[in-house]
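Reader: I am new to looking at structures like this one, and I would like to go through it slowly with you. Could we begin with the words I will need?

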Amino acid sequence: MKLLILLNLLLFCHVASTVKHSLKMFSTATTGVPNFPEFMAAVMVDEVLGGYCGSNIKTPEPKQDWVRKLVKDDPQHLEWYSLQCLGSQQFFRANLDSLKQRLNQTGDVHILQRMDGCEWDDETEEVVGYNQYGYDGEDFLVMDLQTLTWTAPKQQAFITKLRWDNDKARLEHNKDYLFHVCPDRLKKYVHYGRSFLQRTERPSVSLLQKTPSSPVSCHATGFYPDRAMMFWRKDGEEIHEDVDLGEILPNHDGSFQMSVELNLSSVAPEDWRRYDCVFHLSGVVDDIVTRLDKAVIRTNWGKTGITILPAGFPAGPVIGVVVGLLLLLLTVCIAGLFIWRRNNNGFRPANTGQ
C-alpha cells in the first residue's frame, strides 16, 4: 500500500511539474426563460473568470485587475471581444431558432452552449484545442481538428453537421483561431496575470456531516491553483474503500474547493481516531492533515456541543441546467456550463500540433 501511495505521489508530481495554461470561452443561448439574458459568454484563464458579456451588456466586462490593465494598454483587445460577443449572439440565436423549428420544439426552455479554447504547455510548447457544442445539457457537435469536420454524437445533430462541414471558410477560421490566435492570447494573459495566476493559496479544511448517519465530508476551500489531491487515510495509509472523491470546483473569487467523503457506517466509534484526511497542494511541501474527531465535525443537525453549519454548507453540485438558470448571471455563465462538462465526462481537447 505504501508503494502504491508513493507511485501515486510520483505520478502526481510528474504531471504537476509541467505547467499547462488554458484559455476557454463558454457561451450560452437560452429561450423560454423570462427575465433572463438570451445570451451570455464568459472567458476563463486557467479556470479563473477573466471577463464576461451578454445580450444585456453592451461592452464586455473585465473581472480581474490584470485584465483591466491589459485592455487599458490595448484598447483594441476589448473591441475584438465586443465584436465577438455581438457576432456570437446573432450566430447562437439563428441556430437555436433553427434547431427548435427542425426538432418541432416550441414554448419550452432550450439551451445551446459552446465550449471552445486551447491549452498551452509552457515547457513543451504543446498546444491542444477544442470546439464543442451542447444542446439542452447534452453533447451535440464536436469539432475534429485533424480532419476539419464535425462529429455528431446524436442523430438529431446530423443535419447540422452536414451543413457545418460544407462551410469550409468557417472551419478554416476555427482552425486558425485554435492554432494561432488562442495560444497567442493565452500567453499574453499569463504574462499580465502571472502574479495572480501563479500564486499559491492554502485552503481552510473542515469536517462536515449532514446527519448522524451521513458520511463525513472533508471539505477544503480557498486553495489555488487547482492542482491538488485529497484523500482519507487509516493508520497512515491511503484508503479507497467507502471513500467518495468529489470534483475540484471553482469559487466565486477565483479559488477552488473540493471534498472527499468517508462512509463510517461500519466503523466502530473507538476506531475513528485511526482516520485522518490529507490535502496536498502542488508546489507546497507541507500537507494539511485533519484527524477524524467527532468534536470538530460541523453539522446541520442540532446537538449539544456540535457546531451548526451556516447556510452556505455545500450541498453538492447543481444537477440540472434549468436549476442553474435560477442562479445569478455570473454563476450561471460559469457553473451552468461546467454542469454540461461534468455530466458528459468533460470535453476532449484535440491535439493542434502540426
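Author: A nonpolar core is a set of buried Ala, Val, Leu, Ile, Met, Phe, Trp, Tyr and Cys residues joined through side-chain atoms within 4.5 Å. Buried means under 20% relative accessible area, exposed means over 50%, and partly exposed lies in between (1.4 Å probe, protein chains only). What you see is a predicted model, where local features need pLDDT of at least 70 and side-chain atom pairs count only at pLDDT 80 or more, while totals for chains, interfaces and linings use all residues. Residues are numbered from 1 along each chain as its sequence is written, and side-chain values use heavy atoms, leaving out hydrogens and water.

Reader: Okay, so how many residues does the largest nonpolar core have, and which have the most contacts inside it?

Author: The largest nonpolar core has 66 residues, and those with the most contacts inside it are Leu23, Tyr133, Phe223, Met230, Trp232, Phe279 and Leu292. Its largest share, seven residues, comes from helix α5 (residues 168-192), where helices (H or I, at least four residues) and strands (E, at least two) are DSSP runs numbered from the N terminus. There is also a second, separate core of six residues, which includes Phe26, Ala42, Leu49 and Tyr52.

Reader: What does leucine 23 touch?

Author: Setting aside residues up to four places away in sequence, leucine 23 touches a set that includes Val43, Met44, Val45, Cys118, Tyr177, Leu186 and Tyr189. Contact here means heavy atoms within 4.5 Å.

Reader: And serine 22, is that one buried or exposed?

Author: Serine 22 lies in strand β1 (residues 20-31) and is buried, because its relative accessible area is 7%. Apart from neighbours within four places in sequence, serine 22 is in contact with Met44, Val45, Asp46, Glu47, Cys118, Glu119 and Leu186. Serine 22 and leucine 186 are 164 residues apart in sequence, while their C-alpha atoms are 6.9 Å apart in space.

Reader: You mentioned Asp46 there; where is aspartate 46 found?

Author: Aspartate 46 is found in the loop between β2 (39-45) and β3 (48-54). Aspartate 46 has a positive phi of about 50° although it is not a glycine, and with a relative accessible area of 13% it is buried. As background, most residues other than glycine have a negative phi, and most peptide bonds are trans.

Reader: What about phi of asparagine 104?

Author: Phi of asparagine 104 is a positive value near 60°, and this residue sits in the loop between α3 and β5 (110-121). Asparagine 104 is exposed, because its relative accessible area is 68%.

Reader: Which residues does a cis peptide bond join?

Author: A cis peptide bond joins tyrosine 224 and proline 225, with omega about 0°, and proline 225 is in the loop between β10 (216-223) and β11.

Reader: Changing topic, what order do the strands have in the open sheet of four strands?

Author: The order is β12-β11-β16-β17, with antiparallel pairing. The edge strands are β12 (237-238) and β17, each of which pairs on one side only. Two strands pair if DSSP finds at least two bridges between them. Seven bridges join strand β11 (residues 228-234) to β16, and methionine 229 stands opposite histidine 280 in β16. On the other pairing, β16 and strand β17 (residues 288-291) share four bridges, with aspartate 276 opposite arginine 291 in β17.

Reader: How many residues are between β16 and β17 in their hairpin?

Author: There are six residues between them, and glycine 283 in the turn has a positive phi of about 90°. Strand β16 (residues 275-281) is mostly covered, with seven of its seven residues buried. Tyr275, Cys277, Phe279 and Leu281 point one way from β16, and Asp276, Val278 and His280 point the other way.

Reader: Last one: at what angle do the axes of helix α2 and helix α3 cross?

Author: The axes of helix α2 (residues 65-73) and helix α3 (residues 75-102) cross at roughly 105° and come within 4 Å. That makes α2 roughly perpendicular to α3. Angles of 65 to 115 degrees count as roughly perpendicular, under 35 as roughly parallel, over 145 as roughly antiparallel and the rest as oblique. The axes are lines fitted to C-alpha atoms, for helices over the stretch in contact, and angles run from 0 to 180 degrees between N-to-C directions.

Reader: Which residues in α2 meet α3?

Author: Leu70, Val71, Lys72 and Asp73 in α2 meet Pro75, His77 and Leu78 in α3. The residues of this contact divide into four nonpolar, one polar and two charged, where Ala, Val, Leu, Ile, Met, Phe, Trp, Tyr, Cys and Pro count as nonpolar, Asp, Glu, Lys and Arg as charged, and the others, Gly among them, as polar.
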